[in-house]
Amino acid sequence: MADAPSSIPVVSAHNLVKRFGEFTAVDGIDVEVRPGEAFGFLGPNGAGKSSTMRMIGCVSPVTSGELRIFGMDPATHGRQIRSRIGVVPQTDQLDMELSVEENLIIYGRYFDLPRRLCRERAAELLEFVQLSDRATSKVEPLSGGMKRRVTIARALINDPELLLLDEPTTGLDPQARHVLWDRLYRLKQRGVTLVLTTHYMDEAEQLCDRLVVMDQGRIAAEGSPRELIQRHSTREVLELRYVPGQNELQAERLQGLGDRVEVLPDRVLVYADDGEAALREVHNRDAMPESSLVRRSSLEDVFLALTGRTLND
Amino acid sequence: MHADLHPQADTVTTINRSVGGLLRIIPASLWPTELLRVRRPQRMVERSAMVYRRSWMVLLSGFVEPFVYLMSVRIGFAALIGDLNFDGQVIGYAEFVAPALMAAAAMNGAIFDSTANVYYKLVHARLYDSVLATPMGVADVALGEISWAMLRGALYSTAFVVVMWALGLTSSLWIVLAVPICVLIGFAFASLGMAVTTFLRSWSDFDYIPAVQVPLLLFSATFFPVSQYGSWAWAVQISPLYHGVVLVRMAAFNQWSWSAIGHIAVLLGIAMIGLGITSRRLRALLLK
């Protein structure tokens, strides 16, 4: 091959479609993930993120379009591709009949690794996810965050070049999320390509070099978190809370303020590069809110601008 | 030694005809083509061994069945029911029933391992989802799980043979062949059981399984010779267990006939079809 192996995209999709009967889950997306990158699919539930991940993981056949992982076609080289990736599914699916350590060892055996290597790697990985002391424990009594870490350790048993993480921190408490993010960051440092889905803005901003915003099976925008914010939102956002039921009424007085005014059920957002200046103008217009907050724009705002909806609807 | 005294001399031709017919009837979708993709089914066996290494007591419980079955026959039936004429041989009732019970035990074990156990792993533990994310394929999962059921069956069948021998229920050394025969019975029923399991929608659907299993136990020439069925004797052949019972009896009485090939073919055929359906169904359920 003319290309050096490292220049082959880890994942490349062209006009990728997934249909379940009449329902179109993924509606013609184009994606390219480069080696060593942390790439995110951001979107609400039902946006088609998990369907995309399952196709990349070679456990869901492509309906139409082209998908290549490490330059190979999942339809013909599923086994070869799967042997080089690690998968952290949305629900942990750990083997409840086995101990933590055995979960990792048998998983390595599914990859046909020698037993001794499986045992060595299991010990290393449990150390990496800070669970060495729970090696012989059953899976059931572990906390949600611990189970998640076991699942990540298990996904790493074959030393994968690509790690797929579907909603890695959904359902975890803030502290457990930070521990997990730290581990994922370290993996990235080691050169593992990460592809993850999330509906958390902060997660996408923390972990992803580049991401696509997905909505209803399509890609609404693509770029780095910072690029997306610059392109689709203002520098700052002024959040105003009024007495319930007053939002629409008050919003009329805010017409023309900043770049854009969004009325949400629970608050009114004013997009402006200078949030404090916008707040002074709100006072001038006699539209005093119950409370107000000036913050920097986030991916949440990007999503709102692109789709007219909030992410956690 | 013994002449071929099988009551139905035309069994071979009947079975050959039915197998030939079967081959033509089976639609292409039932052919076990997925089996060509089998690579590492032994990994599923390895996993089961890992699970039972810790709970080996559960494995031991399986040995209770042969003891209980055979003791009840030895103590109860044998005294109550006199000798009977089987294929021209006068034998005690206990000797007649014991091989059939062995075949039935192989069936029961295989059905249990491939239905409730598999359903739990398929639907609740979502075990196979995580296995299929690795280079393992659906055929590896199907054949691997069925192999475990067969191995477990081999263990219990061996115990059965030992007990039969110890209780004087067989005098033929050929009875050792009953172990591979029971493994084959296990293969057929585990494949069938796992295939059926992939269609079950909830635990309540399991109530249908005994509705099939109990008639098979009762009407497979298990407790009385096939001659007792009169003009309904042909119907007995529909029962897959019947073919297993005949084979185990052949081993127990060292009365072989060419029809053995037909019986083996039926059991193997069922196993293959079951495996094929199981693999396809796992693909449809888990790789959508």
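This is a dialogue about how the terms used for a predicted two-chain model apply to its residues.

Residues are numbered from 1 along each chain as its sequence is written, and chains are lettered from A, ligands numbered from 1, in the order in which they are written. In this predicted model local features need pLDDT of at least 70, side-chain atom pairs count only at pLDDT 80 or more, totals for chains, interfaces and linings use all residues, and side-chain values use heavy atoms, with hydrogens and water left out.

Student: Why is A:Gly256 called exposed?

Tutor: Exposed means over 50% relative accessible area, buried means under 20%, and partly exposed is in between (1.4 Å probe, protein chains only). A:Gly256 has 68% relative accessibility, so the residue counts as exposed. A:Gly256 sits in the loop between helix 9 (247-253) and strand 11 (260-263) of chain A. Helices (H or I, at least four residues) and strands (E, at least two) are DSSP runs, numbered from the N terminus.

Student: What makes A:Asn15 partly exposed?

Tutor: Its relative accessibility is 48%. That value falls between the 20% and 50% limits, so A:Asn15 counts as partly exposed. A:Asn15 belongs to strand 1 (residues 11-20) of chain A.

Student: What stands out in the phi of A:Asn15?

Tutor: Phi is near 50°, a positive value in a residue other than glycine. Most residues other than glycine have a negative phi.

Student: Where does A:Asp112 lie?

Tutor: A:Asp112 is in the loop between helix 3 and helix 4 of chain A. A:Asp112 also has a positive phi, about 65°, although it is not a glycine. With a relative accessible area of 35%, A:Asp112 is partly exposed.

Student: How do you know that A:Asp112 forms a salt bridge with B:Arg40?

Tutor: A salt bridge needs a side-chain nitrogen of Lys or Arg within 4 Å of a carboxyl oxygen of Asp or Glu. The closest N and O atoms of A:Asp112 and B:Arg40 are 3.1 Å apart. The pair therefore meets the limit. Between chain A and chain B the count is nine salt bridges.

Student: Why is helix 3 of chain A called largely enclosed?

Tutor: Ten of the eleven residues of helix 3 (residues 100-110) are buried, so the rest of the structure largely encloses this helix. Among the buried residues are A:Leu104, A:Ile105 and A:Tyr110. The cover includes helix 4 (115-128) and helix 5 (144-155) of chain A, together with helix 2 (42-54) and helix 6 (127-132) of chain B.

Student: What is the secondary structure of chain B?

Tutor: Chain B has twelve helices and two strands. Buried residues make up 56% of its 288 residues.

Student: How do you know whether B:Leu177 is buried, exposed or partly exposed?

Tutor: B:Leu177 has 32% relative accessibility, so the residue counts as partly exposed. B:Leu177 lies in the loop between helix 7 (138-166) and helix 8 (178-197) of chain B.

Note on methods: Contact means heavy atoms within 4.5 Å.
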